Amino acid sequence: MEEFTGVGCVKCPAGSAVIKDLIGIHGEQLIAISIHSSGGFSVPRPQNQYDFRTTEGDALNDYLGGPLGFPSAVINRKPFGGSSSLQVGRNEWAGHIDEEKAIAPKVKLDIETEFDDATRNATIDVTIFVEETITDPDVNLSLIFTEDDIVDFQDSDNGPILDYHHEHVLRGMATPYDGQPLTEDLTVGEKITKSFNYQIPTEWKQNNVNVIAVVSLTGTRKDVLQAHKVHLVE
């Protein structure tokens, strides 16, 4: 679930509250990524300590198609109900998530992480287990970093919140925004491991950082085939 948001978006805290409830229902089966790429809404206000904007977030906004209104999110990078847009409003999130959970995944994922406190280097191995033969020609793997519990300013319908807790904030990626191509044979039973090294910025609190692997199509369709999340530091 890729939510498009911004520190100046007064309606967005209500959307974040819905996401919190949905995670409470679905647990680890729902992975949320909050992308601060919403035009002027994402520009830091004078009260902000941090700038949550990223080059990858802006690229994903262009790639997935930005929202026409807020709150808005993309679910498994799929269009629903004959819409040409991938963006859906919060009243539709729960139903589409239920639909997607009912679909058996074509791949399963495992993530192993190592973090060196001294150098702040992260070594990450992602293993892909192919559960169903995939014939689509364009399948990519994305490696995404988010951070939880960042306390900073957020505007809201009830006025400015100086100590708002920002969750699952997109912080960066170890791959291009749309992932790196999987050129291996994706026949059922295959096992593929990809290794990454990434320097964790000192601004990020490593104990709050999540590592997310996403396998998705990148052709005419952009469907997410599977995603998995672990903490950088267990």
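One disulfide is present in the predicted model, a disulfide being a pair of cysteine sulfur atoms within 2.5 Å. The link is formed by Cys9 and Cys12, whose sulfur atoms lie 2.2 Å apart. Residues are numbered from 1 along each chain as its sequence is written. Because the model is predicted, local features need pLDDT of at least 70 and side-chain atom pairs count only at pLDDT 80 or more, while totals for chains, interfaces and linings use all residues; side-chain values use heavy atoms, with hydrogens and water left out.

Helices (H or I, at least four residues) and strands (E, at least two) are DSSP runs, numbered from the N terminus. Helix H1 (residues 12–26) packs with helix H3 (residues 90–101) at an angle of about 25°, and their axes are 10 Å apart. Axes are lines fitted to C-alpha atoms, for helices over the stretch in contact, and angles run from 0 to 180 degrees between N-to-C directions. H1 and H3 are therefore roughly parallel to each other (angles under 35 degrees count as roughly parallel, over 145 as roughly antiparallel, 65 to 115 as roughly perpendicular and the rest as oblique). The crossing of H1 with H3 is right-handed, that is, the near helix is turned clockwise from the far one by less than a right angle. On the H1 side, the contact comprises Ala14, Gly15, Val18, Ile19, Leu22 and His26, which meet Arg90, Trp93, Ala94, Ile97, Asp98 and Lys101 in H3; contact means heavy atoms within 4.5 Å. Seven of the residues in the contact of H1 with H3 are nonpolar, two are polar and three are charged (Ala, Val, Leu, Ile, Met, Phe, Trp, Tyr, Cys and Pro count as nonpolar, Asp, Glu, Lys and Arg as charged, and the others, Gly among them, as polar).

Three strands form an open sheet in the order E5-E6-E12, with antiparallel pairing; two strands pair if DSSP finds at least two bridges between them. Strand E5 (107–115) and strand E12 (191–199) are the edge strands, each pairing on one side only. Neighbouring strands of this sheet are turned by 15° against each other on average, direction ignored. Nine bridges connect E5 with strand E6 (residues 121–130) in the antiparallel sense, and Ile111 stands opposite Val126 in E6.

Strand E13 (residues 209–217) and strand E14 (residues 224–231) are likewise paired in the antiparallel sense, over seven bridges. E13 is joined to E14 by a hairpin through six residues, and Val215 stands opposite Gln226 in E14.
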